[in-house]
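This report covers helix packing, the chain interface and some backbone details. Keep the sequence and the 3D view at hand while reading.

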Amino acid sequence: MAAQVRIPTPLRKLTNNEELVEIKAATIGAAITELQKRFPGIQERLVDEGGAVRRFVNVYVNEEDIRFLQNLQTPLKDGDEVSIIPAIAGG
Amino acid sequence: MEKQDGFMKALKCRECGREYPLTATHVCEFDFGPLEVVYDYDRIKRSLTRHAIESRPHTMWRYRELLPIANEPTVGTQVGFTPLIKADRLAERLGIRECWIKNDAVNYPTLSFKDRVVSVALSRAHELGFKIVACASTGNLANSVAANAAAAGLKSYVFIPADLEQGKIVNSLVYGANVIGIHGHYDEVNRLCAEIAGKYGWAFVNVNMRPYYAEGSKSLGFEVVEQLGWRVPQHTVIPMASGSLLTKIHKSYQELGKLGLVHHTDWKIHGAQATGCSPISVAQKAGLDFFKPVKPNTIAKSLAIGTPADGFYALRVMKETGGHAEDVSDDEIRDAIKLLAETEGIFAETAGGVTVGVAKKLIASGKIPAEDSVVICVTGNGLKTLDAVNGHCGHPREIKPSLREFEALMQETEKFATHH
């Protein structure tokens with residue numbers, strides 16, 4: 001068992017069109033490092049030079065924005081669902 | 001190729017500048033930055049003169065060269081050119097020399113500014129061959145997508161928070177749209193729609209059609225300038241949900257300057273939020289150039305976006321123009337709705353209460369000087385948010401159909417008036 005990471009359309013070129021990826025990691029930060037190992041290049045799309053999540057990237061664990069949790073230190077457990085989603089316009 | 005794309009050249013990432021073809025796509029693959037339409041301003045300048053504009057029908061499409069469709073519009077051809085009202089009685093109450101209301105509460109066909117963005121998004125969706133259109137919405141957008149899709153013979157899916165005002169729900173259902181109520185707030189609806197848009201090949205007006213959709217808001221700014229006699233207002237007060245409208249009105253003033261249609265550059269753009277959902281206003285007042293997401297709790301549901309996608313750009317526009325942000329409580333929103341109604345005969349929805357209430361605060365604090373002129377943008381109709389003011393503006397007095405009862409009531413009224 002591991003966390004399920006949902007890959008958004010703009011990043012699927014890097015994951016050979018895989019939409020759902022299983023990652024074993026203790027935190028969101030570790031999950032991104034793990035993703036980078038399997039899909040080189042994906043990390044720089046998600047985090048900036050300073051290591052922070054990019055301004056227009058939203059990351060959710062079980063439907064909660066990680067900015068309301070512990071950002072990159074947000075812990076992950078078996079069966080958690082992680083979504084990576086671009087910011088979108090108003091309505 | 002040039003003919004096929006109208007006056008558009010490409011889509012371009014606002015962050016890194018990478019260019020993309022003019023398809024249904026909205027974020028940069030490299031940094032997730034939003035994509036924006038790039039225009040051929042040299043060609044537009046040859047085509048779009050004051051004379052040309054003034055000779056065209058009174059709709060938003062009189063600025064067609066600056067709107068991102070390739071051919072003539074096919075959806076929402078009657079939208080826009082709403083009244084700009086010189087609001088003297090309101091100006092007096094607010095303590096300012098001159099005040100104007102841009103009244104999109106009477107926009108056609110669904111009584112909010114969203115008809116502007118939707119007519120662009122659906123005309124473009126039609127050009128790109130889509131048969132199904134969709135949106136994530138706080139209500140007004142759902143109404144507009146539902147109505148305009150119906151009129152254009154397109155199938156529509158609209159996703160809204162399940163706890164929206166009854167008026168806004170019925171206003172989507174009546175057009176035969178598929179209305180999906182989500183148990184969650186708008187940011188959750190938004191997240192779900194981003195995932196659905198990635199899976200289904202629909203034209204989501206504020207997801208994959210966003211670069212075209214958002215440009216429609218510029219028409220509000222073009223109209224204000226033309227209606228003021230080709231003058232950019234000194235101050236414009238604009239409601240902020242995602243912050244997109246504010247950035248696009250600023251862009252509309254810039255474009256008219258770039259095309260030589262106006263000649264001054266010293267306008268100030270001010271942003272209005274509800275205190276119960278004020279991530280942008282809080283950041284602006286603290287002097288920050290980034291915001292912290294919030295969980296919304298306000299009667300101004302159409303502005304209840306806790307993670308505003310254009311918040312960063314809205315902050316930048318206010319900073320660059322020397323404008324300010326402010327926010328108002330639910331009670332201040334209701335008071336401002338009543339103030340606008342009693343002084344100008346305009347019934348605005350809660351977002352309009354937010355804008356008028358914030359204008360009042362900015363004038364009182366001197367951030368908008370009393371000797372200046374201000375345009376206040378009212379973007380939606382009060383009939384859609386009756387729940388918010390019902391019970392807060394009194395009740396009708398009931399009598400039998402008898403002249404005696406009426407005269408008794410009048411006497412009582414007069415007594416009341418002389419004692420107060």
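A crossing counts as right-handed if the near helix is turned clockwise from the far one by less than a right angle, and as left-handed if the turn is anticlockwise. The model discussed here is predicted.

## Helices α4 and α5 of chain B

Helix α4(B) spans residues 114-127, and helix α5(B) spans residues 140-152. Their axes lie 9 Å apart, at an angle of about 45°. That angle makes α4(B) oblique to α5(B). The crossing of α4(B) past α5(B) is right-handed.

From α4(B), the contact takes in K114(B), D115(B), V118(B), S119(B), L122(B) and H126(B). From α5(B) come N140(B), L141(B), S144(B), V145(B), N148(B), A149(B) and A152(B). Sorted by class, this contact has 6 nonpolar, 5 polar and 2 charged residues.

## Helices α5 and α6 of chain B

Helix α5(B) also meets helix α6(B), residues 166-173. Here the axes come within 8 Å and cross at roughly 15°. Angles under 35 degrees count as roughly parallel, so α5(B) is roughly parallel to α6(B). This crossing is left-handed.

A142(B), N143(B) and A146(B) make the contact on the α5(B) side. K168(B), N171(B) and S172(B) make it on the α6(B) side. By class, the contact of α5(B) with α6(B) has 2 nonpolar, 3 polar and 1 charged residues.

## The buried face of α1 in chain A

Helix α1(A) runs over residues 28-38. I28(A), A31(A), I32(A) and L35(A) are buried in this helix. Viewed down the axis of α1(A), the buried residues fall within an arc of 100°, so they line one face of the helix.

What do the buried residues of α1(A) pack against? Four strands of chain A take part: β1 (3-6), β2 (20-23), β3 (57-61) and β5 (81-86). Helix α2 (42-46) of chain A is a packing partner too.

## Where chain B touches chain A

The interface brings 32 residues of chain B into contact with 22 residues of chain A. On the chain B side, the elements that give two or more residues are β6 (132-136), α7 (186-199) and α8 (210-215). The largest share on that side, 6 residues, comes from α7(B).

The chain B residues that touch chain A divide by class into 16 nonpolar, 9 polar and 7 charged.

## Backbone details

Most residues other than glycine have a negative phi, and most peptide bonds are trans. The following sites depart from that pattern.

Y108(B) and P109(B) are joined by a cis peptide bond, with omega about 0°. P109(B) sits in the loop between β5 (98-103) and α4 of chain B.

Two non-glycine residues with positive phi deserve a look. For N71(A), phi is near 45°. N71(A) belongs to the loop between β4 (64-65) and β5 of chain A. For F32(B), phi is about 65°. F32(B) belongs to the loop between β2 (19-20) and β3 (35-39) of chain B.

Is F32(B) buried or exposed? A residue is buried if 20 or more other C-beta atoms lie within 10 Å of its own. F32(B) has 25 C-beta neighbours inside 10 Å, so F32(B) counts as buried. N71(A) has 15 such neighbours inside 10 Å, so N71(A) counts as partly exposed.

Notes:
Residues are numbered from 1 along each chain as its sequence is written. Chains are lettered from A and ligands numbered from 1 in the order in which they are written. This is a predicted model: local features need pLDDT of at least 70, side-chain atom pairs count only at pLDDT 80 or more; totals for chains, interfaces and linings use all residues. A residue is buried if 20 or more other C-beta atoms lie within 10 Å of its own, exposed if 12 or fewer, and partly exposed in between; C-beta atoms are placed from the backbone. The arc is that of the directions from the helix axis to the C-beta atoms. Two residues are in contact if their C-beta atoms, placed from the backbone, lie within 7 Å. Axes are lines fitted to C-alpha atoms, for helices over the stretch in contact, and angles run from 0 to 180 degrees between N-to-C directions. Angles under 35 degrees count as roughly parallel, over 145 as roughly antiparallel, 65 to 115 as roughly perpendicular and the rest as oblique. Ala, Val, Leu, Ile, Met, Phe, Trp, Tyr, Cys and Pro count as nonpolar, Asp, Glu, Lys and Arg as charged, and the others, Gly among them, as polar.
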